[in-house]
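This report describes one protein model and the packing of its helices. The structure is shown first.

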Amino acid sequence: MKVKILRQVHPGSEPYWEEFDYNGPAESSVASVIDSINFTDDIVTSDGKKTTRIGWECACLQGMCGACAMVINGVPALACETFVRDLKGDVVTIQPLKKFPVVHDLITDRSSIQENLKKSNIYIEEYDPEGEDHEHQYLAAKCLKCGLCLEVCPNYTTGKTFYGAAFANDCYLVASRNRSKSGQILDEYSKHFGLACSKSLSCMDVCPVGIPTLASIGKMNRKKSK
Ligand code: SF4
Ligand code: FES
């Protein structure tokens, strides 16, 4: 199999493609494919050119940290949860997420996801043990902040005022756990999500932990109408 990777030395430099050969098992994840290319002192491209180690991020290798989010054959996905046997054709293309600034190769800066939550004060100040709908809270709390939902969202652009599905789910989570903050959270939710979401819902198709964002939207709308 050929593995084409879009590389970039540093944030300001020009991206370029490099192609590698992969002869390992089809049961491997894309994370293992990148590892196998990197796991040698002399990394060479398919045409025999010496090159540098591929930069990418991972922490858990089991779909729990969100660090390895990238675009694989045009689809935003976690590299450790995408398997060679499920990819079509004998060429796999791997690119960094396009909605976030590239730091190096496949590493992107997704700090805007946390920064947006901070800017809108979406954090628990006082835990309300009564809370509400613990089942949905549990689902919303699974968010990895991987950014895949933002990568596919037609309305999301880093640095703009629409904050996307990850923000909407956290708004629900905090508003349910700290109900005295609900009013302030609803204002921020409307400003940075509710008024601009066009309900394409592609965010739910790519979410690696299956968060039902549509249910979070419905629950926030019900809070608004109370
Ligand atoms: S909502 Fe899903 S896709 Fe979006 S950041 Fe959270 S885990 Fe990732
Ligand atoms: S390395 Fe943690 S989700 Fe892939």
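Predicted model: local features only at pLDDT ≥ 70, side-chain atom pairs only at ≥ 80, totals over all residues.

Residues are numbered from 1 along each chain as its sequence is written, and chains are lettered from A and ligands numbered from 1 in the order in which they are written.

**Overall build**

The protein has eight helices and nine strands; these are DSSP runs numbered from the N terminus, with helices being H or I of at least four residues and strands E of at least two. Its C-alpha trace spans about 65 × 35 × 30 Å along the principal axes. Of the 226 residues, 37% count as buried. A residue is buried if 20 or more other C-beta atoms lie within 10 Å of its own, exposed if 12 or fewer, and partly exposed in between, with C-beta atoms placed from the backbone. Among contacts between residues at least 6 apart in sequence, 66% join residues at least 24 apart; a contact means that the C-beta atoms, placed from the backbone, lie within 7 Å.

**Ligand shell**

Ligand 1 is surrounded by 16 residues, and the closest are Cys143, Cys146, Cys149, Ala166 and Cys207. The elements that give two or more residues to this shell are α4 (148-152) and α5 (164-177). Helix α5 gives the most, with three residues. A residue belongs to the shell if its C-beta atom, placed from the backbone, lies within 6 Å of the ligand. By class, the shell has 12 nonpolar, three polar and one charged residues. Here Ala, Val, Leu, Ile, Met, Phe, Trp, Tyr, Cys and Pro count as nonpolar, Asp, Glu, Lys and Arg as charged, and the others, Gly among them, as polar.

**Helix pairs**

Helix α5 also packs against α6 and α8, and α6 (residues 182-194) packs against α8 (residues 213-225). The axes are lines fitted to C-alpha atoms, for helices over the stretch in contact, and the angles run from 0 to 180 degrees between N-to-C directions.

| Pair | Angle | Axis distance |
|---|---|---|
| α5 and α6 | roughly 170 degrees | within 10 Å |
| α5 and α8 | about 50 degrees | 9 Å |
| α6 and α8 | about 125 degrees | 11 Å |

Angles under 35 degrees count as roughly parallel, over 145 as roughly antiparallel, 65 to 115 as roughly perpendicular and the rest as oblique. Helices α5 and α6 are therefore roughly antiparallel. In α5, Phe167, Ala168, Cys171, Val174 and Ala175 meet residues of α6 that include Ile185, Leu186 and Tyr189. This contact has nine nonpolar, two polar and one charged residues.

The angle between α6 and α8 makes them oblique to each other. Ser182, Leu186, Tyr189 and Gly194 of α6 meet Met220, Lys223 and Lys224 of α8. Three nonpolar, two polar and two charged residues form the contact.

**Val206**

Is Val206 buried or partly exposed? Val206 lies in helix α7 (residues 202-206) and counts as partly exposed because it has 19 C-beta neighbours inside 10 Å. Not counting residues up to four places away in sequence, Val206 touches Pro76, Ala77, Leu148, Cys149 and Val152. Val33 is 173 residues from Val206 in sequence and 21 Å from it in space, C-alpha to C-alpha.

Key: Contact = placed C-beta atoms within 7 Å.
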